[in-house]
Amino acid sequence: MNIPSKDSLYIGVDLGGTTLKVALVDIDGRILTQERVPTEVRDVRRLIDQLIGTIREVQRNEEGRGHIRGVGIGLPGLINIKTNRVEVMPNLPDVSSYDLYSEVTKATGLPVIFDNDANVAAYGEFVCGAARGRRDIFYVTIGTGVGAGIILGGKIWRGSNGFAGEFGHMTIDPEGLECACGNHGCLETKASAPSIVRRTRTRLFRDSTSSLSKLGLRQGVLTSEDIADAAAEGDELAQLILERTGMFLGIALAGVINLLNVEMVVLGGGVMAAGDLILKPTVEETRKRAFGPSFRNCQFAIAALGPNAGMIGAAMLARDSV
Ligand SMILES: [Zn+2]
């Protein structure tokens with residue numbers, strides 16, 4: 001273990017399904033420089049070369065000064081913490097047969113830590129964001145998928161292999177639609193951005209009075225941001241959809257609060273840009289379903305670091321782990 005000094009720097013990486021983000025971060029979690037590129041999805045070799053190349057680019061500017069102490073990487077999949085292998089990464093080319101960890105370590109010459117993308121974002125919010133100073137938090141990110149990170153006693157709780165926190169794949173509707181994971185009726189099929197769009201479109205075929213009608217009936221045009229905007233402008237259908245989304249989130253969160261007795265739930269990801277329109281029904285549904293004392297001792301907050309949470313969290317995880 002190397003002893004950090006006040007000029008120690010860390011590289012934080014957030015490999016997303018659409019964007020690869022790499023930042024040079026100082027010891028207090030401030031981003032100094034960053035690179036953002038569209039994620040290479042054509043094949044696995046190009047993806048790995050892009051990941052390493054972008055990290056090296058950020059590293060090169062500081063090379064020779066010896067301030068960079070480690071690299072933290074958040075990956076969108078199941079990361080086996082015992083072997084440092086990526087076991088499943090559903091939305092990107094399959095890296096599971098490659099030893100990505102060894103390749104990054106060799107190319108950078110630095111200590112490297114891998115973790116799940118939601119875990120590193122949770123860690124970012126815990127160290128520098130909405131949950132700063134807390135000990136027991138549950139972080140949820142709602143975007144293309146629904147992910148979560150659990151921090152208990154100030155440490156990421158990963159389970160025995162590193163697979164914990166798959167909140168989006170809790171069954172919320174036994175008769176529900178098939179999920180990408182193979183199960184039916186997962187929370188992700190009810191609360192992710194694509195599911196919000198899908199449920200809105202289904203309703204628009206029956207209800208043509210909504211301001212979204214024109215957009216919604218054309219395939220591939222409507223986004224969850226449009227729905228949030230319409231809800232903010234008073235569109236009743238859009239508000240109803242967000243309320244229902246909050247209800248599903250609240251059902252699942254009540255279970256989490258009863259199970260873990262966390263002191264804070266932090267909600268992040270693109271869908272939370274809808275703010276109170278989704279937060280209020282989420283909190284209300286949780287209140288109805290959770291034990292009173294557990295609910296009253298739990299605060300709800302919208303994530304503070306936005307799209308930087310993953311990079312900052314990955315860098316801080318490298319600071320605290322390598
Ligand atoms: Zn699922």
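**Reading the zinc site and its surroundings**

Guide: Let us start with the metal: in sequence, the donor residues of the zinc ion are spaced H-x9-C-x1-C-x4-C. Histidine 169 and cysteine 181 both lie in the loop between β10 and α4 (188-191), so this pair ties together parts that are 12 residues apart in sequence. This is a predicted model, in which local features need pLDDT of at least 70 and side-chain atom pairs count only at pLDDT 80 or more, while totals for chains, interfaces and linings use all residues. Residues are numbered from 1 along each chain as its sequence is written, and side-chain values use heavy atoms, with hydrogens and water left out.

Visitor: Which atoms are the protein donors of the zinc ion?

Guide: Donors are N, O and S atoms within 2.8 Å of the metal (3.2 Å for Na, K and Ca); water is not among the atoms, so sites may look incomplete. Here the protein donors are His169 (ND1), Cys179 (SG), Cys181 (SG) and Cys186 (SG), lying 2.0 to 2.3 Å from the zinc ion.

Visitor: What arrangement do the 4 donor atoms make?

Guide: Four donors count as tetrahedral if all angles lie between 85 and 135 degrees. The 4 donor atoms around the zinc ion subtend angles of 104 to 120°, and therefore the arrangement is tetrahedral.

Visitor: How is the accessibility of histidine 169 classed?

Guide: A residue is buried under 20% relative accessible area, exposed over 50%, and partly exposed in between (1.4 Å probe, protein chains only). Histidine 169, at 25%, counts as partly exposed, and cysteine 181 is partly exposed with 45%.

Visitor: How many salt bridges does the structure hold?

Guide: Side chains of opposite charge can pair when their charged atoms come close. A salt bridge is a side-chain nitrogen of Lys or Arg within 4 Å of a carboxyl oxygen of Asp or Glu. The structure holds 14 salt bridges. In one of them, arginine 42 meets glutamate 40 at 2.8 Å, N to O. Arginine 42 is exposed, with a relative accessible area of 60%, whereas glutamate 40 is buried, with 14%.

Visitor: Which residue forms a salt bridge with arginine 134?

Guide: Arginine 134 pairs with glutamate 263, and their closest N and O atoms are 3.9 Å apart. This pair links distant parts of the chain, 129 residues apart: arginine 134 is in the loop between α3 and β8, and glutamate 263 is in the loop between α8 (236-260) and β11.

Visitor: How far apart in helix α9 are lysine 288 and glutamate 285?

Guide: Helices (H or I, at least four residues) and strands (E, at least two) are DSSP runs, numbered from the N terminus. Lysine 288 and glutamate 285 are 3 residues apart in helix α9 (residues 276-289), and so are separated by about one helical turn. Their side chains meet in a salt bridge (3.4 Å, N to O). Lysine 288 is exposed, with a relative accessible area of 55%, while glutamate 285 is buried, with 7%.

Visitor: What is the nearest side chain of opposite charge to glutamate 125?

Guide: Lys and Arg count as positive and Asp and Glu as negative; His and the chain ends are not counted. For glutamate 125, the nearest such side chain is arginine 132, 9.9 Å away; glutamate 125 is buried yet has no salt bridge. Glutamate 125 lies in helix α3 (residues 117-128). Contact means heavy atoms within 4.5 Å. Not counting residues up to four places away in sequence, glutamate 125 touches several residues, including Tyr139, Val266 and Leu305.

Visitor: In what order do the 5 strands of the open sheet lie?

Guide: Two strands pair if DSSP finds at least two bridges between them. The order is β10-β9-β8-β11-β12, and the pairing is mixed. The edge strands, β10 (155-156) and β12 (299-302), each pair on one side only. Strands β8 (residues 137-142) and β11 (residues 264-268) run parallel, joined by 5 bridges; threonine 141 has glycine 268 in β11 as its bridge partner.

Visitor: Is strand β4 largely enclosed or exposed?

Guide: Strand β4 (residues 68-75) is largely enclosed by the rest of the structure, because 8 of its 8 residues are buried. Strand β1 (residues 9-15) runs parallel to β4, with 6 bridges between them. Strand β7 (residues 112-116) also runs parallel to β4, with 5 bridges.

Terms used. Four donors count as tetrahedral if all angles lie between 85 and 135 degrees; four count as square planar and six as octahedral if opposite donors are over 155 degrees apart and all others between 65 and 115; anything else is irregular.
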